[in-house]
Amino acid sequence: MGFQLTEIVPWGRSFSEYRSMFALGQSELSRSILGCGDGPASFNADFSAQGGRIVSADPLYAFSAEAIAERIDAVFQTVMKQIRANRTDYIWTHIRSEDELGEIRMQAMRRFLEDYPAGIHEGRYVNAALPNLPFENGTFDLALVSHLLFLYSKHMDFDFHLAALIELCRVAREVRIFPLVELDGTPSRHLENIIGALTHNGMTSRKVRTDYEFQRGGHDMLVITNTETAS
């Protein structure tokens, strides 16, 4: 069966993981960045502390820090149980055990929760959901989507994916999506048709191999550019 979830859950990743997942070098980190669907990741907290220009958008940000913390506690063991049951679907090199993974994830989510009140006040965390974002055309240089689109292909259909990606290309000059596999590690059922539809809509896309691989087979990102916003 592989990893299975009945709903999208809050699960935070770190700044260093974002750098690896999206191949973010100094050039990319000098740009204005939208993290879409960041949830309780610590990327915004750590990047903004370094002077980075970052806004995260997620419907999770409609809730208080206390409510988000309760939600994290409610789903944490569910996710860890799935990982333990499917541990052969993961590569235990940089992260060496399930317990270490749990600590890394909780550390990232605690960092987010510490930063969240200030980030809300500063406008760095915005309550918004795909496929309708409250930003002007070309607001950002780069949009990143971590572990949402394609990963939850069973939960979100082709039309949603296409509408979401078109919207991301409206607000950002370049879009990067990671990973391109579903929760169970199989290639996304929508990916190839999405690439064709993006081309039809005047966008260019390419799969890029990254240095990051924890979920077995989950090492590629999709890089999309729209000639209208990229110019």
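Select α4 and α5: their axes come within 11 Å of each other and cross at roughly 165 degrees. Axes here are lines fitted to C-alpha atoms, for helices over the stretch in contact, and angles run from 0 to 180 degrees between N-to-C directions. Helices (H or I, at least four residues) and strands (E, at least two) are DSSP runs, numbered from the N terminus.

This is a predicted model, where local features need pLDDT of at least 70, side-chain atom pairs count only at pLDDT 80 or more, and totals for chains, interfaces and linings use all residues. Residues are numbered from 1 along each chain as its sequence is written, and side-chain values use heavy atoms, with hydrogens and water left out.

**Stop 1: α4 against α5**

How do α4 and α5 run relative to each other? They are roughly antiparallel, therefore, by their angle. (Under 35 degrees is roughly parallel, over 145 roughly antiparallel, 65 to 115 roughly perpendicular, and the rest oblique.) The crossing of α4 and α5 is right-handed. A crossing is right-handed if the near helix is turned clockwise from the far one by less than a right angle, and left-handed if anticlockwise.

Now show side chains. On α4, pick Ala65, Ile68, Ala69, Ile72, Phe76, Met80, Ile83 and Arg84. They meet Glu98, Asp99, Leu101, Gly102, Met106, Met109, Phe112, Leu113 and Tyr116 of α5. Contact means heavy atoms within 4.5 Å. By class, this contact has 13 nonpolar, 1 polar and 3 charged residues. (Ala, Val, Leu, Ile, Met, Phe, Trp, Tyr, Cys and Pro count as nonpolar; Asp, Glu, Lys and Arg as charged; the others, Gly among them, as polar.)

**Stop 2: the largest pocket**

On a 1 Å grid over the protein atoms alone, a pocket is an open set of points with protein on both sides within 12 Å along at least five of seven lines; lining residues have an atom within 4 Å of a point. Volume is the space filled by probe spheres (1.4 Å) set on the points, which are joined across faces, edges and corners.

Select Ile8, Val9, Trp11, His147 and Tyr152, the closest to the centre among 45 lining residues. α4 (65–85) and α5 (98–122) are the elements that give two or more residues to this lining. α4 gives the most, with 5 residues. The lining divides into 33 nonpolar, 7 polar and 5 charged residues.

**Stop 3: the second largest pocket**

Its volume is about 280 Å³. Of its 13 lining residues, Glu17, Ser20, His94, Ile95 and Tyr212 lie nearest the centre. Helix α1 (residues 15–21) supplies the largest share, 3 residues. This lining holds 5 nonpolar, 5 polar and 3 charged residues.

Move on to alanine 23, in the loop between α1 and α2 (26–29). Alanine 23 is not a glycine, yet has a positive phi of about 50 degrees.

**Stop 4: α6 against α7**

Select residues 158–171 (α6) and 191–200 (α7): they pack at about 45 degrees, with axes 10 Å apart. That angle makes α6 oblique to α7. Phe158, His161, Leu162 and Leu165 of α6 touch Asn193, Ile194, Ala197 and Leu198 of α7. The contact has 6 nonpolar, 2 polar and no charged residues. The crossing of α6 and α7 is right-handed.

**Stop 5: two cis bonds**

Which bond joins leucine 130 and proline 131? A cis peptide bond, with omega about 10 degrees. Proline 131 sits in the loop between β3 (125–126) and β4 (140–146).

Finish at phenylalanine 178 and proline 179, whose peptide bond is cis, with omega near -5 degrees. Proline 179 is in the loop between β5 (172–178) and α7.
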